[in-house]
Amino acid sequence: MKNHAWRPLIVVIGAIALLLSARAMVVPSDFGVNGKNFTYGFHRKGSIDDWKAFKVKYRGKEYCKECHEEKVTENLGSPHKAIECENCHGPAIDHPDNPAKLTVDKARELCLRCHAGLPYPQSQRSELPAIDPQGHNPDQACVECHNPHHPNLEAM
Amino acid sequence: MKSSRRQFLKKALAGGVVASLPLSAFRALSPAEVKASIGDDAVRWAFLVDTQKCVGCGLCVKACKLENEVPYDLPVTRTWVERYVETKDGKTHIDTPEGGRDGFTSPKIREEEIPAAEISKAFFVPKLCNQCENPPCVQVCPVGATYQTKDGVVLVDRTWCIGCGYCIMACPYGVRFFHPVHKTAEKCTFCYHRISQGLKSACVQACPFEARQMGNLKDHNDPVTQIIMTQRVSILKSEYGTKPQVYYIGLDEIVR
């Protein structure tokens, strides 16, 4: 072949080589089809492990029970047994190491999430004990009279 | 046979290429390897929402936001709870204040008082990513930053997402949003970090009424799978052909 054909060809080949080597450097080696097919599974495989390594913050009642057995046992015999400790006390994360103290939400608004009366007979909401937030001691915190760990209306 | 220098060099080059082909290109795969490469897995995660049991407390939304580090006070959320109130004049009132994060404590909907006597039906519907079998959000991603795992969960690779927003527009359920901190597409992961180590997802664990449950569709003895297989369940927007894997009990026609 003549020189005038070779010279631009070398430039093109060089550009392709440059592109390929740049791609090899930028694209992670575990990038490829890792799922059921190309359409849905084309990704970086390490991303799955990144997500698996995400920090768990809500530890569950069993974790709380390891130290606060008395409180958990009291709660498990009450109408509030289905409520997780962390719904009111906040996520445990690594408590007691981090955070050392959990903040308790004693606001009326927390109780009203379930106990503010709504006229919805088709929802299980209407089966819960309900109050009118404006009419039922509006300036007082619920916990001043009610024990959230073991609410008992008869004993009041 | 006569061979010129040029021909000799050509043949030598071709021979060299063939000889350098890695032997692994012809390796026979074991059945287990074939299974792994076509994505056969023992788990397919599915979600079951019982709208009859939901009371609209919003503890699931709160737990999700704190568990998954979704900015708490910004108008973004991976899951939310909608309130549907149909009145006797045929009107439908729908709202989800703050995504239901603080629950529903007032009968007012968008500042509008709705008299109890006027209500013909009212209920709550929790929503989250449907982890579709045919996820349109994954199809449109131009860079391969979002994908479906073998156990059926659609995830976003935050290091690879360029934030173009195609997937946010592609989702018929509106479950994706732009993460204000990471500047990437964000979505419900079914709490992949929790379910992959045997824990319940944050919203399932936080729900006191078992309105939210999760199960493995490939295990026919799984109680959630049993319900999905034997009871009357429905899915959202089946007309899109996305094959959502979040099943609902007690959906109504007015739910969109």
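The structure is a predicted model. The predictor assigns the complex an ipTM of 0.89 and a pTM of 0.86. Where the chains meet, 37 residues of chain A are in contact with 45 residues of chain B.

**Confidence by chain**

- Chain A has a mean pLDDT of 92, with 99% of its residues at 70 or more.
- Chain B has a mean pLDDT of 92, and 93% of its residues reach 70 or more.
- Among the elements of chain A, the lowest mean pLDDT, 90, belongs to strand 1 (residues 31-33) of chain A, and the highest, 96, to helix 6 (residues 85-89) of chain A.

**Contact between the chains**

- The contact joins 37 residues of chain A to 45 residues of chain B.
- On the side of chain A that touches chain B, at least two residues come from each of helix 2 (38-41), strand 2 (42-44), helix 3 (46-52) and helix 7 (108-115) of chain A.
- By residue type, this side of chain A consists of 19 nonpolar, ten polar and eight charged residues.

**A hairpin in chain B**

- Four bridges link strand 2 (residues 80-87) of chain B to strand 3 (residues 92-95) of chain B, and the pairing is antiparallel.
- Y84(B) has I94(B), in strand 3 of chain B, as its bridge partner.
- Strand 2 and strand 3 of chain B form a hairpin, with four residues between the strands.
- In the turn of this hairpin, G90(B) has a positive phi of about 90°.
- In a regular strand, side chains alternate between the two faces of the sheet.

Methods:
Residues numbered from 1 in each chain as written. Chains lettered and ligands numbered in written order. Predicted model: local features only at pLDDT ≥ 70, side-chain atom pairs only at ≥ 80, totals over all residues. Contact = placed C-beta atoms within 7 Å. Nonpolar A, V, L, I, M, F, W, Y, C, P; charged D, E, K, R; others polar. pLDDT = per-residue confidence, 0-100. Pairing = 2+ DSSP bridges.
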